[in-house]
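Hi everyone, thanks for making time today. Let me put the structure up so that we can walk through it together.

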Amino acid sequence: MGHDMAALFAERERDRYSMHAQHLNEQMVRVLKTIGYDVGFTRGVGQYLYDRDGARYLDLLSGFGVFALGRNHPTLREALKSVLDSELPNLVQMDVSTLAGVLTEKLLALVPYLDKALYCNSGAEAVEAAIKFTRMATGRTGIVFCDHGYHGVTNGALSLNGDNIFRDGFEPLLPDCTKIPFNDLLALERVLHTRKIAAFIVEPIQGKGVNMPSGDYLKDAAAICRRHGTLFVADEIQTGMGRTGKFLAVEHWGVEPDMVLLAKSLSGGHVPVGVVLTRKSVFDKVFDRMDRAVVHGSTFSKNDLAMAAGIATLDVMQSERLIENAAEKGERLIQGFRALMPKYELMADVRGKGLMIGVEFGAPKSFTLKASWNMVETASKGLFCQMITIPLFKDEKILCQVAGHASHTVKLLPASVITGEDCDWILKSFDTVIAGAHRLGAVWSLGKTLAEHAVRAKAS
Ligand SMILES: Cc1ncc(COP(=O)(O)O)c(C=O)c1O
């Protein structure tokens with residue numbers, strides 16, 4: 001029996017919505033049909049997706065930020081194929097992995113103040129390890145996290161989630177986890193003063209909302225942690241791997257965390273992998289005796305395909321200067337968006353670093369727009385952003401997302417390989433769509449339809 005996956009994909013592609021509605025997440029199918037995203041993508045190359053008719057889309061979502069290299073990068077494919085073609089002794093388990101050793105050398109060369117790596121299979125799994133390791137290393141149980149923070153949805157990671165939409169119905173979660181406002185040093189100091197806190201786990205730039213740290217917040221927070229014997233953990237799962245124009249986002253603020261979490265783009269987008277980088281002193285508290293050598297781990301961590309994906313990703317980042325490209329294209333986009341602001345009363349803010357950008361919208365002042373805004377936002381808070389993302393998708397062939405539930409921020413998280421032409425495409429498309437939202441035409445009739453859907457969904 002042959003296993004030509006491309007042929008199987010072509011044969012069954014048109015059934016995907018019915019298969020998913022029947023056996024997988026039916027609500028997701030309903031969402032996609034309602035917002036009209038059911039175009040049927042059949043190919044992905046670099047920063048572009050192609051639908052059944054061959055139309056090209058620019059992907060600013062990049063699989064929730066995993067495709068820093070874009071989809072199907074030739075070097076990554078070559079690396080993965082070389083693993084499959086070589087009969088390597090993968091996952092012997094009663095041995096140690098050569099490729100894991102090589103990847104770790106490369107990672108730690110980029111984060112030289114840390115000494116050790118623990119691999120896993122996802123971002124949330126890295127967060128779970130961070131909770132366990134910091135508790136063990138400090139002998140304390142408390143974990144502090146931020147309002148609006150997102151660290152994944154497994155039980156421990158969910159305990160650090162700052163949005164009730166994810167938590168509701170799953171509680172009680174882990175005890176001793178305390179939420180504080182982002183950018184609030186006094187609140188941090190107050191909780192850490194109890195000296196019961198093992199770790200402060202924070203995203204340098206919050207993914208939900210693209211919320212920026214103000215001034216020296218991260219640096220001061222790290223200093224407060226050090227003073228109170230609390231470990232400072234940077235969740236760089238989304239911000240790391242060059243996305244913000246530095247290998248780690250904390251580098252923008254001169255911070256050296258006790259622990260750094262990476263996942264997403266380390267995988268090249270194709271083989272899941274996560275990693276916890278930390279100090280030897282932390283690691284040695286967990287793996288402290290020979291009979292505890294396997295006290296934490298995961299069967300598939302350090303598998304050769306994942307390690308090869310990580311090695312190839314880091315090599316491509318360096319050889320194609322992708323971190324520098326993220327910095328340069330990000331700056332160009334942010335400046336371009338800021339230049340649009342004086343034209344549009346609905347634009348409230350533009351923020352971000354590198355290729356993690358938020359374009360925030362806010363209530364208009366003019367009477368005619370205000371009534372329409374209120375109609376849409378009363379039906380469902382944050383609904384206005386769909387009036388930007390849907391026309392961007394349908395008319396401008398740009399795929400992007402709203403930065404969170406009830407958020408007024410549209411988020412850009414493109415591949416680090418985007419070009420100057422892509423930047424022009426993005427800015428021109430946003431300009432066109434935002435201009436449309438300032439006229440009482442097609443965009444607001446879409447808004448009315450979405451509002452009706454939202455009211456019906458609430459009632460059902
Ligand atoms: C900052 C951050 N931490 C953790 C996670 C969880 O990663 P995963 O979805 O791989 O479990 C995410 C995912 O979006 C994230 O953005």
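I'll start with the ligand and then move to a few spots in the backbone.

A quick word on the source: this is a predicted model, where local features need pLDDT of at least 70, side-chain atom pairs count only at pLDDT 80 or more, and totals for chains, interfaces and linings use all residues. Residues are numbered from 1 along each chain as its sequence is written, and side-chain values use heavy atoms, leaving out hydrogens and water.

So, which residues surround the ligand? Among them are Ser 122, Gly 123, Ala 124, Tyr 150, His 151 and Lys 264, where being near means having a heavy atom within 4 Å.

Now look at the N and O atoms. The side chain of Lys 264 places an N or O atom 2.8 Å from a ligand oxygen. A backbone N or O atom of Ala 124 also lies 2.8 Å from an oxygen atom of the ligand. At Tyr 150, a polar backbone atom is 3.5 Å from a ligand nitrogen.

Stay with Lys 264 for a moment. Its phi is near 30°, a positive value in a residue other than glycine. You'll find Lys 264 in the loop between strand E9 (259-262) and strand E10 (274-278); strands here are DSSP runs of E with at least two residues, and helices are runs of H or I with at least four, numbered from the N terminus.

Arg 321 has a positive phi too, near 50°, and sits in the loop between helix H13 (304-319) and helix H14 (322-340).

Finally, Glu 171 and Pro 172 are joined by a cis peptide bond, with omega about 5°.

Methods:
Polar contact = N/O pair within 3.5 Å; in protein donor to acceptor, adjacent residues only side chain to side chain.
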